[in-house]
Amino acid sequence: MKPVVGMVVSNKMQKSVVVAVDRLFHHKVYNRYVRRTSKFMAHDENNECNIGDRVKLNPSRPISKHKNWIVAEILKKARIYTPQSSTASAPGQTNLSSSASSGSTTPPSST
């Protein structure tokens with residue numbers, strides 16, 4: 001087997017990732033190129049992969065029941081959004097959630 005390149009779709013396991021590998025082939029009847037996706041479980045020794053990373057997989061001996069691949073290298077890291085909490089609590093800004101919950105949440109009674 002030769003090395004394959006794919007996208008990490010899950011990293012919820014310890015030292016393991018699920019990688020989706022796309023391939024194109026020509027359909028003889030439809031005369032079109034068709035894309036198929038295969039999912040492979042791969043061994044990630046240092047837990048370096050995140051969802052969205054583009055990785056290269058090398059074949060290996062069976063590591064477990066479903067793992068026959070090892071992450072050789074991370075070709076492109078995914079951009080991960082990290083919200084900055086320092087801008088929300090900057091001096092001079094008021095917290096709208098605390099002033100809005102000061103008793104104005106009860107609906108008006110219809111008597």
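Strands here are DSSP runs of E with at least two residues, helices are runs of H or I with at least four, and both are numbered from the N terminus. With that in hand, here's a look around Lys67, which lies in strand S5 (residues 67-76).

A quick word on the model. It is predicted, so to speak of a local feature takes a pLDDT of at least 70 and to count a side-chain atom pair takes 80 or more, while totals for chains, interfaces and linings use all residues. Residues are numbered from 1 along each chain as its sequence is written, and side-chain values use heavy atoms, with hydrogens and water left out.

**The strands**

S5 pairs with S4 in the antiparallel sense, over six bridges. Two strands count as paired if DSSP finds at least two bridges between them. Val55 sits across from Ile74 in S5. On to another pairing: strand S1 (residues 4-13) and strand S4 (residues 54-59) also run antiparallel, joined by four bridges. Val5 has Lys56 as its bridge partner in S4.

**The salt bridges**

Side chains of opposite charge can pair when their charged atoms come close. A salt bridge here means a side-chain nitrogen of Lys or Arg within 4 Å of a carboxyl oxygen of Asp or Glu. How many salt bridges does the structure hold? There are two.

| Salt bridge | N to O distance |
|---|---|
| Glu45 and Lys15 | 3.2 Å |
| Lys77 and Asp53 | 3.5 Å |

Glu45 and Lys15 form a salt bridge. This pair links distant parts of the chain, 30 residues apart: Glu45 is in the loop between strand S3 (32-43) and S4, and Lys15 is in the loop between S1 and strand S2 (16-27). Glu45 is partly exposed, at 43% relative accessibility, and Lys15 is partly exposed too, at 36%. (Buried means under 20% relative accessible area, exposed means over 50%, and partly exposed is in between, using a 1.4 Å probe and protein chains only.)

Lys77 is partly exposed at 45%, whereas Asp53 is buried at 0%.

**Back to Lys67**

Lys67 is buried yet has no salt bridge. Which side chain of opposite charge is nearest to Lys67? That's Glu45, 7.6 Å away. For charge, Lys and Arg count as positive and Asp and Glu as negative, with His and the chain ends not counted. Leaving aside neighbours within four places in sequence, Lys67 is in contact (heavy atoms within 4.5 Å) with Lys15, Ser16, Met41, Ala42, His43, Arg61 and Pro62.
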